[in-house]
Amino acid sequence: MATPCSSNKTTTRVRHEFGPFYNKDSRVLILGSIPSPKSREQGFYYGHPRNRFWQVLADVLEEDFPETVDDRKAMLAKHRIALWDVLDSCEIKGASDTSIKDPVANDMNFILDKAEIKAIFTTGAKADDLYKKMCYSVCGVPSIKLPSTSPANCGCNYESLKDAYSIITDYLK
C-alpha cells in the first residue's frame, strides 16, 4: 500500500511544459527540480494542493494566500521573485525527485542575462544537488538550499519551512 510519502508509479520521460516566470525586475530566483504532474496539469509551479510552497511564500511575504495562478504570478511579480526548475527534462516516477534519472538541465543564463538576480534558492536536496552538478559551473552563481515544500517531505513541519524561507526577504530589499 502506498503512503503519502511513497510512490509506486512507473517511470516516464518528462519535459518541462511551461517556461520560467520572471521579468527584468526579478531579484530572487527560486528553483525546483521539475514540475510535478499536478503542476504540469495546471501549467504553473507548485500546483499540488498539499504542496506548502504558496502558503509559506505568502506568509513570509506577509501576503494573503494566492488562490489562482494569476494571483500567484501577481504576488511573485510584486516581490520580484522568479520561478523555474533546474531541469528541462528527465526520467521520473510520478513526482518523486529520488527517482530522477537522465536529467537535462535548463540554462540559468536565460534568466541571469535578463534580470539582476541577487540570489538563487533551490527547493529541496535533489534540486540543490542537480543545480550544483549541472548549472553552477555554467552560470557561476551559488545556490542556497531550502527545504522542500512537497507533501512528500514529511519530516519538515510548517514553522520550520517558514523560518527557512524567510531568508528570501533579505535579498528582496
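Predicted model: local features only at pLDDT ≥ 70, side-chain atom pairs only at ≥ 80, totals over all residues.
Colleague: What makes S1 and S4 a pair, and over how many bridges?

Modeller: Strands are DSSP runs of E with at least two residues, helices are runs of H or I with at least four, and both are numbered from the N terminus. Two strands pair if DSSP finds at least two bridges between them. Strand S1 (residues 11–15) and S4 are joined in the antiparallel sense over 5 bridges, and therefore they meet the rule of at least two bridges. Within this pair, Val14 stands opposite Cys90 in S4.

Colleague: What stands on the S5 side of S4, and which residues face each other?

Modeller: S4 and strand S5 (residues 96–105) pair in the antiparallel sense over 4 bridges. Ser89 stands opposite Val104 in S5, and Glu91 opposite Lys101 in S5. The two strands form a hairpin with 2 residues between them, and Gly94 in the turn has a positive phi of about 60°.

Colleague: Why is strand S4 called largely enclosed?

Modeller: A residue is buried under 20% relative accessible area, exposed over 50%, and partly exposed in between, using a 1.4 Å probe and protein chains only. In strand S4 (residues 87–93), 5 of the 7 residues are buried, so the rest of the structure largely encloses this strand. One of the chain's buried residues is Cys90, at 0% relative accessibility.

Colleague: How many disulfides are there, and what keeps Cys90 from being counted in one?

Modeller: A disulfide is a pair of cysteine sulfur atoms within 2.5 Å. The closest cysteine sulfur to that of Cys90 lies 13 Å away, in Cys135, which is too far for a bond. The count comes to 0 disulfides. Another cysteine, Cys156, is buried at a relative accessible area of 14%.

Colleague: Which strands form the parallel sheet, and where are its edges?

Modeller: An open sheet of 4 strands runs in the order S3-S2-S6-S7, with parallel pairing. Its edge strands, S3 (81–85) and S7 (143–146), each pair on one side only. The twist averages 25° from one strand to the next. Inside the sheet, strand S2 (residues 28–32) and strand S6 (residues 119–123) pair in the parallel sense over 4 bridges. The bridge partner of Val28 in S6 is Ala119.

Colleague: What does helix H5 lie across?

Modeller: Helix H5 (residues 125–134) lies across S2, S6 and S7, running at about 165° to S7.

Colleague: Why is helix H2 said to be largely enclosed, and what covers its buried residues?

Modeller: In helix H2 (residues 53–61), 7 of the 9 residues are buried, so the rest of the structure largely encloses this helix. Those residues are Phe53, Trp54, Val56, Leu57, Ala58, Val60 and Leu61. Their cover includes S2, helix H3 (69–78), S3, S6 and helix H7 (158–165). Just after H2, Glu62 takes a positive phi of about 60°.

Colleague: Is Tyr45 buried or exposed, and which residues does it touch?

Modeller: Tyr45 lies in the loop between helix H1 (37–42) and H2, and counts as buried at 1% relative accessibility. Contact means heavy atoms within 4.5 Å. Leaving aside neighbours within four places in sequence, Tyr45 is in contact with residues including His16, Phe18, Trp54 and Trp84. Tyr45 and Phe18 are 27 residues apart in sequence and 9.1 Å apart in space, C-alpha to C-alpha.

Colleague: What makes the radius of gyration of the chain agree with a compact globule?

Modeller: The radius is taken over C-alpha atoms, and the globule rule is 2.2 Å times the number of residues to the power 0.38. For 173 residues a compact globule would be near 16 Å, and the 15 Å of the chain agrees with this. Buried residues make up 44% of the 173 residues.

Conventions
Residues numbered from 1 in each chain as written. Heavy atoms only, no water. Axes fitted to C-alpha atoms, helices over the stretch in contact; angles between N-to-C directions.
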